[in-house]
Structures are given as C-alpha cells and as structure tokens.
Amino acid sequence: MENKESTLDVAFVDVGLYFDIVRFLGNHKDKISGDELTTLHIVSGAYLLKEDVKRKVILDALDIIARYEGAHQAVSVSDFDPDDRALIESALANPAPDDPTARAIAERIKEAMGRYWRQAETQGRAPTELILVRPKTALDDVACRLFLQAIADTLGHKLTIVWVDDLPREAAQPVE
C-alpha cells in the first residue's frame, strides 16, 4: 500500500501561522537561506490563495521559525489594558512585531484557529456551526471577530454561532 502524505486544505491552516511568518520575515528575512525563504513563501502564499499545502511544508515552516526565534513567550494582558479599544484598533491599523497588543491579538486568533482546526480534523469537515464563549474583554471581542471573519471568508459562507456565557468544565477539556 502506498503511503501518500496527506494535504491540508489551507482553509484550516492556522491563521496565526500566516501572521507568524509575516512577523518572522520582517525580523529575519536577511538571515535565512533561500530554501527556508521559499518554504515560508509557499506556506504564506498558499494561505492567501486558499490552495492545498502538504503537512510537511507547514511543519518545515514552523521548524524554521522555531530555529531562529526559539521558544515564543506569550504576551501578558498586564502589559496593556485588554479593554482599551482605541489601543487595540491602533494595533490593528499599524501592527508592529514588538507591540504587545498586536501580539496578543495574533495569539488569540492563533489559539482559536488551532481549536477550529482540531475540531475540523475530528469531524472530517469544516465546522459551520460553532458554540463560543461570549468575549469578556474588547481584546477578546476583536480577536474573535477577526477569527470568525477569516473562517467565513475562507469557507465562502456565513457561520452559525451560538454564544454562551461559559462552557461546562468537561466541554473545555480536550477529548482523547
């Protein structure tokens, strides 16, 4: 039996990876090899064009970023006010790699896309109905709105969202 490498529909590729690549290239473009640059452009370009990309290429892109940047430290919301909508909108209008607000938005979108990707893999299809916890801060609201818009744009149709105030503890635990 032939062992073919699976492909991932870019609709499910973690949108955070795209932003990570853009940020990474802004910081390290002059330091990386041509092959590494090609890999990163393949992944980011495939995301934008909604093309299929092999899982290995995505993993290679993640490895390149990890080699140059090491472990990524999460942004603490104590670095800024998560309810300062003007600050959040400003970070969106002019994102900078060292801006803690822009990084926090990207991290939240990345986390949401990761959960969405795991659900899609489990179901074998792109979920179009989601149960989401209502955002409690302006930061979470903006990140959630951007995440939902990215999914709707990629799928080409509207999502059905059921908002809840909180999920039961067992629903928050990953299913193995």
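## Helix α5

In this predicted model, the buried positions of helix α5 are Thr101, Ala102, Ala104, Ile105, Glu107, Ile109, Ala112, Met113, Gly114, Tyr116, Trp117 and Ala120. An α-helix has 3.6 residues a turn, so residues three or four places apart point the same way.

Helix α5 covers residues 100-123, 24 residues in total. From first C-alpha to last, α5 reaches 34 Å. That is close to the 34 Å expected at 1.5 Å a residue.

Thr101 is itself on the buried list.

## An aromatic pair between helices

How many aromatic pairs does the model hold? The count is one aromatic pair. Its rings belong to Tyr116 and Phe147, with centres 6.1 Å apart. Their planes stand at 75°, over the 60 degrees that edge-to-face requires, so the pair is edge-to-face.

Tyr116 sits in α5, whereas Phe147 sits in helix α6 (residues 138-155). The pair therefore ties together parts that are 31 residues apart in sequence. Are these two residues buried or exposed? Tyr116 has 3% relative accessibility, so Tyr116 counts as buried. Phe147 is buried as well, with a relative accessible area of 4%.

Thr137 belongs to the loop between β3 (129-133) and α6. The side chain of Thr137 reaches the backbone nitrogen of Asp140 at 3.1 Å.

Which residues does Thr137 contact once its neighbours within four places in sequence are set aside? They are Pro82 and Asp83.

## Confidence

The protein chain has a mean pLDDT of 75. Of its residues, 74% reach 70 or more. Among the elements, helix α4 (residues 85-93) has the highest mean pLDDT, at 89. Strand β1 (residues 7-9) has the lowest, at 39.

Two stretches call for care. Residues 1-13 stay under 50 in pLDDT, and the model gives them 31 contacts beyond four places in sequence. Over residues 172-176 the pLDDT is also below 50. Residues 172-176 have zero contacts in the model beyond near neighbours in sequence. Where pLDDT is low, the predicted coordinates should not be read in detail.

Notes:
Residues are numbered from 1 along each chain as its sequence is written. This is a predicted model: local features need pLDDT of at least 70, side-chain atom pairs count only at pLDDT 80 or more; totals for chains, interfaces and linings use all residues. Side-chain values use heavy atoms; hydrogens and water are left out. Helices (H or I, at least four residues) and strands (E, at least two) are DSSP runs, numbered from the N terminus. The expected span of a helix is 1.5 Å times one less than its number of residues. Buried means under 20% relative accessible area, exposed over 50%, partly exposed in between (1.4 Å probe, protein chains only). Rings of Phe, Tyr and Trp (its six-membered ring) pair if their centres lie within 6.5 Å; planes under 30 degrees apart count as stacked, over 60 as edge-to-face and the rest as tilted. pLDDT is the predictor's confidence in each residue, from 0 to 100. Contact means heavy atoms within 4.5 Å. A polar contact is a pair of N or O atoms within 3.5 Å; within protein, one must be able to donate a hydrogen and the other to accept it, and residues adjacent in sequence count only if both atoms are side-chain atoms.
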